[in-house]
Amino acid sequence: MPSSARPSSTDTALPAGEPSGAKKMQPRHLVLMSLGSAIGTGLFVGSGEGIAAAGPAVLISFLIAGTMVILIMRMMGEMAAADPSSGAFSVYAEKALGRTAGTTVGWMWWFQIVIVIAAEATAAAAIVASLIPGVEQWMLALAFIIVFTAVNLAGAASLGEFEYWFAILKVAAIIIFLAVGAAFVAGLLPGVPSPGTSNLFDNGGFMPNGLTGVASGLLLVVFAFGGTEIITIAAADTEEPSKNIAGAINSVIWRILVFYIGSVLVMVTVLPWDSEALSTGPFVAVLHAAKVPGADTVMAVVIVIALLSAMNANLYGASRMIYSLGERGRAPAALGRLGSGGVPRRAVLASVVFGFIAVVLNYLYPDTVLMILLNTVGSTCLVVWGISIVSQIILRRRAEAAGVELTFKMWAFPWLSYFALALLAGIVVLGFFDPDVRIQLLATAALSTVLVLLAWSFERRSAAKARTAPADRAGQSR
């Protein structure tokens with residue numbers, strides 16, 4: 001998509017200075033990394049909370065949230081195919097809405113992801129510590145951060161291969177779960193009677209808590225899809241980003257539908273929606289009902305793998321975003337430099353530093369500091385998605401006006417783009433009627449305001465320096 005006439009470092013597909021021999025990710029890495037970031041505790045744990053709020057009608061909540069995310073991914077894919085960049089939606093926001101918007105959304109997403117990295121390390125460590133008595137939780141969290149820092153420093157190709165197999169294990173677990181659930185419902189498991197469809201329509205009906213329950217479920221499940229946008233960042237690290245992003249987006253879209261909605265359909269079919277076990281540990285509850293031996297341990301291991309896989313993918317995404325900000329002059333210039341093999345080593349280390357700090361804070365102040373930080377960034381994905389939708393609408397209109405033929409397009413433009421924006425706005429409005437979500441929205445609004453003011457001040461100072469520089473040089477030459 002065409003940018004303004006003013007030249008910018010974001011106009012190139014590859015990061016400036018990247019060695020031509022740098023090893024790249026493969027398309028399969030791209031797909032699995034996006035799934036690795038998106039499939040985490042939101043599905044394995046958070047889906048139970050959505051079921052408790054909406055009953056079987058949580059399927060409607062997942063369909064609405066999934067539809068919105070699929071449309072947003074398609075829009076992001078259009079922009080990424082036209083202009084692959086490690087800064088992705090931050091770059092597109094800058095081109096569409098100006099530098100302040102691009103800087104704000106880039107820093108906001110980076111801040112969100114580094115906090116999530118710390119939370120994932122802490123949560124994985126807590127589960128492992130419960131399985132292995134005598135091992136300190138903080139030591140495990142520290143070990144996880146060190147290991148995945150090393151993986152990210154090894155380069156995009158090595159990281160992609162590592163994440164591919166890590167995510168494969170997680171995806172395989174979901175596929176096995178779906179197979180067990182289907183056999184359960186069909187009455188094919190020995191000694192386990194089929195529930196039929198009674199749990200879907202008895203016990204208060206399909207929508208036991210009415211539309212209010214569906215709305216509450218929607219607010220809970222929409223955040224489960226956070227992380228899918230990392231695919232647009234990773235696309236810049238493939239050999240043919242414009243070509244690969246199209247296939248990867250289409251592949252991820254149908255996998256999201258199968259894995260998320262399929263898993264939840266199994267849960268609400270197999271067990272009553274108000275089952276306490278279902279609300280706290282839905283996957284374990286289903287496997288227990290299916291009389292699968294060692295279900296607790298099996299799912300604990302799967303959730304740890306899910307957390308570490310997401311942590312690995314998120315560290316990659318955070319490092320590329322802060323690298324792009326540094327390369328564009330929106331962050332310290334040192335972060336915008338590449339090491340050997342095309343790895344932004346300083347950006348990786350900068351992204352992981354906060355993880356170390358958060359682990360220490362979590363050790364000193366458990367259940368306080370990390371929860372406050374998570375509440376602050378809890379709804380930043382809505383801001384990123386909203387700005388990305390607006391950016392796509394603006395850049396698509398510019399492309400059409402300039403006669404640029406796009407290789408990967410948003411469906412039914414502009415109507416579906418506006419529909420996605422309306423869905424997102426509706427979710428935000430609903431959020432203000434829920435006390436917990438309201439706190440997150442207000443905290444994110446405060447963070448957004450601070451970042452906008454900082455970005456605006458930075459741009460004003462940069463512009464002032466640019467205006468005075470010619471005069472200073474002229475004075476020195478006299």
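Where do tryptophan 107 and tryptophan 110 lie, and how many residues apart? Both are in helix α6, three residues apart, about one turn of the helix. The tour returns to them below.

This is a predicted model, in which local features need pLDDT of at least 70, side-chain atom pairs count only at pLDDT 80 or more, and totals for chains, interfaces and linings use all residues. Residues are numbered from 1 along each chain as its sequence is written, and side-chain values use heavy atoms, with hydrogens and water left out.

Begin by colouring the protein chain by pLDDT, the predictor's confidence in each residue, from 0 to 100. The mean is 82, and 89% of the residues reach 70 or more. Next, select residues 2-22, where the pLDDT is below 50. Beyond near neighbours in sequence, this stretch has 39 contacts in the model (heavy atoms within 4.5 Å). Where pLDDT is low, the predicted coordinates should not be read in detail.

Now turn to the aromatic rings. The whole structure holds five aromatic pairs (rings of Phe, Tyr and Trp, the last by its six-membered ring, with centres within 6.5 Å; planes under 30 degrees apart are stacked, over 60 edge-to-face, the rest tilted).

Select phenylalanine 89 in helix α5 (residues 88-97) and tryptophan 109 in helix α6 (residues 99-131). Their ring centres are 5.3 Å apart and their planes stand at 70°, so the pair is edge-to-face. Phenylalanine 89 is buried at 1% relative accessible area, and tryptophan 109 is buried at 0% (buried is under 20%, exposed over 50%, partly exposed in between, with a 1.4 Å probe and protein chains only).

Finally, select tryptophan 107 and tryptophan 110, an edge-to-face pair with centres 5.6 Å apart and planes at 80°. Tryptophan 107 is partly exposed, at 25%, whereas tryptophan 110 is buried, at 12%.

Methods: Helices (H or I, at least four residues) and strands (E, at least two) are DSSP runs, numbered from the N terminus.
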